[in-house]
Amino acid sequence: MNYIFDIGKVFLDFEPLEFLRRRYDEETAQAVYGMMFGPVWDRLDAGDLLPENAPDAFCPADHPLRPAVDDTYARWEDILVPMEDTIRFAQRLKGQGRRLFYLTNFQKGFEDIARRKGIFHLFSGGVVSSTERLMKPDPRIYRLLLNRYGLTAADCVFFDDRQENVDAACALGIKGIVFTDAAQAEKELHELTRRG
């Protein structure tokens, strides 16, 4: 069996509003969050917007909140917090001789960030949306991963925190688990394996 993992909120926790609330008052936090972490962020993940052009897409240069936007984007990697329970779970799977892959909607620079966060070495490979210009739950991105690494759908389990992404994987014959936390995922994997 091969294991395919989403990254955000599976391996790297990502709570931008909480990050903003620690730095700004509630009104500012909500406003900056609304400007940054919505459709424009999706364009970064889709590869339709280059990171260096993101600040101008978030808001105009003369916007009163532009300094807060610039500061947040300069520090956005700090929002990503490694999820130690998932890392230990992945290490157990890898220790059993299993291969792990990533399938993530993520902006350019994922590999470098994953190395800095100490998770990249766990994977045998993977697919990033911004590189491929495809995003989950588009079935083409799942097929791309399978084809690139010679994987058979029925021999794979996919973990993702979003139901629609898991549903898309299951429609292609991949077994899927909606990820809440590592303990729940490991329990469901055990049950899945027991059922065969």
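1. Phe89 and Phe159 are both buried, where buried means under 20% relative accessible area, exposed over 50% and partly exposed in between, using a 1.4 Å probe and protein chains only. Their ring centres sit 5.7 Å apart with the planes at 90°, so this is an edge-to-face pair. The cut-offs: rings of Phe, Tyr and Trp (its six-membered ring) pair if their centres lie within 6.5 Å, with planes under 30 degrees apart called stacked, over 60 edge-to-face and the rest tilted. Phe89 belongs to helix α6 (residues 84–95) and Phe159 to strand β6, so the pair ties together parts 70 residues apart in sequence. Helices (H or I, at least four residues) and strands (E, at least two) are DSSP runs, numbered from the N terminus.

2. A quick word on provenance. The model is predicted, so local features need pLDDT of at least 70 and side-chain atom pairs count only at pLDDT 80 or more, while totals for chains, interfaces and linings use all residues. Residues are numbered from 1 along each chain as its sequence is written, and side-chain values use heavy atoms, with hydrogens and water left out.

3. Back to the rings. The count by the pairing rule is 22 aromatic pairs. One of them is Phe37 with Trp41, a tilted pair at 4.7 Å centre to centre and 45° between the planes. Phe37 is buried at 13% relative accessible area, and Trp41 is buried too, at 7%. There is also a charge over a ring: Arg115 lies over the face of Phe120, 4.2 Å from the ring centre. The test for that is NZ of Lys or CZ of Arg within 6 Å of the ring centre and within 35 degrees of the ring normal.

4. Which residues have the most contacts inside the largest nonpolar core? They are Phe5 and Phe11, in a core of 52 residues. A nonpolar core here is a set of buried Ala, Val, Leu, Ile, Met, Phe, Trp, Tyr and Cys residues joined through side-chain atoms within 4.5 Å. Apart from this core lies another, of 17 residues, including Ile4, Leu103, Cys156 and Val166. Setting aside neighbours within four places in sequence, Phe5 is in contact with a list of residues that includes Phe11, Phe89, Leu93, Phe123, Phe158 and Phe159; contact means heavy atoms within 4.5 Å.

5. Strand β6 deserves a look. Five of its five residues are buried, so β6 is largely enclosed by the rest of the structure. Both faces are covered, with Cys156, Phe158 and Asp160 on one side and Val157 and Phe159 on the other. Two strands pair if DSSP finds at least two bridges between them. β1 and β6 run parallel and are joined by four bridges, with Tyr3 standing opposite Val157.

6. β6 (residues 156–160) also pairs with β7 (residues 175–178), in the parallel sense and over four bridges. From β6 the chain goes through helix α10 (residues 163–171) to β7, a right-handed β-α-β crossover; right-handed means that, with the strands pointing away from the viewer, the path from the first strand over the helix to the second runs clockwise. Val157 stands opposite Lys175 in β7, and the bridge partner of Phe158 in that strand is Gly176.

7. Gly173 sits in the loop between α10 and β7. With 37% relative accessible area, Gly173 is partly exposed. Leaving out neighbours within four places in sequence, Gly173 is in contact with Ala153 and Ala154.

8. Some backbone geometry to check by eye. Lys136 and Pro137 are joined by a cis peptide bond, omega about 10°, and Pro137 is in the loop between α8 (129–132) and α9 (139–149). Arg133 lies in the loop between α8 and α9 and has a positive phi near 60° despite being a residue other than glycine. Arg133 is exposed, at 51% relative accessibility.

9. Lys9 is another non-glycine residue with positive phi, near 65°. Lys9 is in the loop between β1 (2–5) and β2 (12–14). Is Lys9 buried, exposed or partly exposed? Partly exposed, with a relative accessible area of 34%.
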